[in-house]
Amino acid sequence: MDLTLSSADIAFRDMIRGEIASMVPEDIKTRVENLQHLRKEDYMRWQSILDVRGWATPAWPVEFGGPGWSPMQRVLFEEACFMAGAPRQIPHINMIGPVLQTFGTEDQKHRYLPGIPTLRDWWCQGYSEPGSGSDLASLRTKAVRHGDRYIINGQKIWTTWAHWSNHMFCLVRTSDAGRPQEGITFLLLTMDTPGLTVRPIHSLDGAHDVNEVFFEDVSVPVENVVLGENQGWKVAKFLLNAERTEIAGVGQSKRMLQFARRLLAELTNAGVSSSRLDVFRSRIARIAIDLKAHEWTLMRVIDAKPDDPKAPSASFLKLCGTDLLERVSTLLMDLGGPAGLAYDVDARNGNVDGTPPYGHVLNGTAATYFEYRKSGLVGGTTEIQKNIIYRETVSRWAAQ
Ligand SMILES: Cc1cc2nc3c(=O)[nH]c(=O)nc-3n(C[C@H](O)[C@H](O)[C@H](O)COP(=O)(O)OP(=O)(O)OC[C@H]3O[C@@H](n4cnc5c(N)ncnc54)[C@H](O)[C@@H]3O)c2cc1C
């Protein structure tokens, strides 16, 4: 792929940077730039602002309301959002959206797609279960058909933002015959269905993002099946590829690197000697170089034709993105030193006005480090991505 900017790309970049900079509300920008946790209404407000311009779903095809941008334009848009302090796009937009566009019935497209761009419909992902994470095909949440309904019993875990969601896409077991993958169905449901309970899990940094979800005789109409009974594994894998591309996290790593630069500047201003800080300058430079290469890989992945044997895989992208997030969060903790152990959770969660005792930049750099240990697990662990890359490489060699 040609990575140089054409004159049309340059014109687009200048236009989008100017527009996005003028669109981000000041309070949201402050929270984003202080690495605070955003609220549901922050994401919804920003998506609604983008929606007015037709930019809420940059990766969607024109026929479903997307802007029809090229991969280069999408990257330039992401960059403009990053520079302007806009929230990241929540991943589910590019997970359930393309699934419905590719496998959904006309009725499902009509019913569910319109609520996604503004996040009026907030979706959560019910894949993982206790004992079924890496070995996802072993999942046991059971859906038994009674007439035109399924009755679901079982449990999901680590369900991000289930407490914010009004919809869930989930995998359920509809058959025990054959290979485990052959008895899985992809189902859509609403979170207010009787029998469904959400319980919070609080993470190490004091955030509440993930949950347990329990199903007790939850009744769902059969028309909520995507693709067909026992056909869910195909849909699940399609969605996981999209998820791993989303987790690549270029924008998030850039934001944290920018934060590291801010911290470095504060330490310099506070009189810390240059010789003590030089090691951090070179670490920042190394990460910035690797981040650029990662961004180019992302562009190659989103630009690739489905059957291109030279295209890097989504697993490779996820692996590199995870590595960068972990490195930049380690850098932040090292820069913060012992002062970064102080952590005002309420300030991080945006629940109090004003600045925490050590300022936003030093607030909980250690907590941020612990938070980002999750990136090696989300969307399939590092070891699982390495297994997939190995298998893909071997099969490509065999095909040559
Ligand atoms: C913050 C966060 C948010 C999440 N959000 C969601 C969500 O919204 N929806 C959802 O469905 N899930 C979600 N998950 C779950 C996530 O997908 C799982 O944690 C992940 O797939 C790993 O599964 P597990 O936790 O059961 O670990 P396990 O599968 O038990 O793995 C434990 C360890 O064993 C290793 N391992 C396992 N099998 C192999 C193998 N074959 N080869 C080599 N090593 C192996 C793993 O790499 C890992 O280190 C989330 C997880 C986190 C941490």
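Q: How many residue pairs are in polar contact across the interface of domain 2 and domain 3?
A: This is a predicted model, in which local features need pLDDT of at least 70 and side-chain atom pairs count only at pLDDT 80 or more, while totals for chains, interfaces and linings use all residues. Residues are numbered from 1 along each chain as its sequence is written, and side-chain values use heavy atoms, with hydrogens and water left out. A polar contact is a pair of N or O atoms within 3.5 Å, where within protein one must be able to donate a hydrogen and the other to accept it, and residues adjacent in sequence count only if both atoms are side-chain atoms. Across the interface of domain 2 and domain 3, with both residues at pLDDT 80 or more, the number of such pairs is one.

Q: Which residues of domain 2 lose the most area to domain 3?
A: The domain assignment (bounds from an automatic or database assignment) places domain 2 at 123-230 and domain 3 at 248-399. Between them they bury about 480 Å², buried area being the accessible area (1.4 Å probe) that two parts lose on being put together, summed over both. On the side of domain 2, 80% of what is buried comes from three residues together, namely S134, L204 and D205.

Q: Which residue forms a salt bridge with E19?
A: A salt bridge is a side-chain nitrogen of Lys or Arg within 4 Å of a carboxyl oxygen of Asp or Glu, and a search of the whole structure finds 21 of them. In the one formed by E19, the closest N and O atoms are 2.6 Å apart, and the partner is R53.

Q: How many residues apart in sequence are the parts that E19 and R53 tie together?
A: Helices are DSSP runs (H or I, at least four residues), numbered from the N terminus. Because E19 lies in helix 1 (residues 7-23) and R53 in helix 3 (residues 40-53), the separation in sequence of the parts they tie together is 34 residues.

Key:
Helices (H or I, at least four residues) and strands (E, at least two) are DSSP runs, numbered from the N terminus.
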